Amino acid sequence: MNTADKALGREEPEWSTPFWERGDSSADERSQSVSSSSVQATPASGQLRTNLAIVGASDYLYRELDNAAADYGFRLIPRAELRDALVNTPACDDTTSADCAEALAAYPGSRLVVTVEDGSSVTILDAASGARWGTTELTSGKQGEELLELASQRADIAPWAMKAFRADDGRLYLSAGRANGLEAGDELAIHEPGTLVRSPNGQPITWRKGERVGTLRIGELFGSDLASLVPVDGQRPTPEHDLILVKD
């Protein structure tokens, strides 16, 4: 069983057992694929959804999260897309590391990386602010709602922010689109890396964005979660820059 399957909470297939003895294979397939309704639905005009990478959740918990994510302002990164990213990102051998969160921020565009271990232990990292919180135990009977409420509290430390990436065609892209509430023509301010502010006991409490150094415009939208970026003025973005939506 590979590292990505373990991280995504998948069970090892029974390859030694004939498929006709494994039970309802179609039900198993549906359970494993877990369609992402939070990806398909488009938010109301003016609303933004934050990308959430969920690692290690059981299929049951993932479905619970997926069904309620939009209500909390989140969009779950599809499991297949996240699995591919984890496999091809050496820094994500440890998904609770800051290096992993930083690597996933540009593609597939996760703002928060949420790792679930042992069914109820949750670690959250924020790629925008660089904040990492200690492990939290889920204790209620509604773990999905409890986790989303916790993620919402963590995300409040900083505004909606993304990272750009340059693809092999030389163009700039953003791992966000219609599913996040973006439209062609929207403008994003390019900011230097911000500053994480901590309390006396070391807890992250807020984040101050860095100096604005340029502007980008959303060009084409591809599918539900990808957009091309067109430079408008100032500096060109690097993976370290924060992109924040310019509000009218």
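Helices (H or I, at least four residues) and strands (E, at least two) are DSSP runs, numbered from the N terminus. This is a predicted model: local features need pLDDT of at least 70, side-chain atom pairs count only at pLDDT 80 or more, and totals for chains, interfaces and linings use all residues. Residue numbers start from 1 along each chain as its sequence is written, and side-chain values use heavy atoms, without hydrogens and water.

**View 1. The protein chain as a whole.** The protein chain has 7 helices and 14 strands. Of its 248 residues, 47% are buried (under 20% relative accessible area; exposed is over 50%, partly exposed in between; 1.4 Å probe, protein chains only). Contacts are heavy atoms within 4.5 Å. Among those between residues at least 6 apart in sequence, 63% join residues at least 24 apart.

**View 2. Arg111 and its surroundings.** Arg111 sits in the loop between H6 and strand S3 (112-117). Its relative accessible area is 3%, so Arg111 is buried. Leaving out residues up to four places away in sequence, Arg111 touches a set of residues including Thr50, Asn51, Asp126, Ala155 and Trp160. Ala155 is 44 residues from Arg111 along the chain, with 8.2 Å between the C-alpha atoms.

**View 3. Asp93 in its loop.** The loop between helix H5 (79-87) and helix H6 (98-106) holds Asp93. Asp93 counts as exposed because its relative accessibility is 68%.
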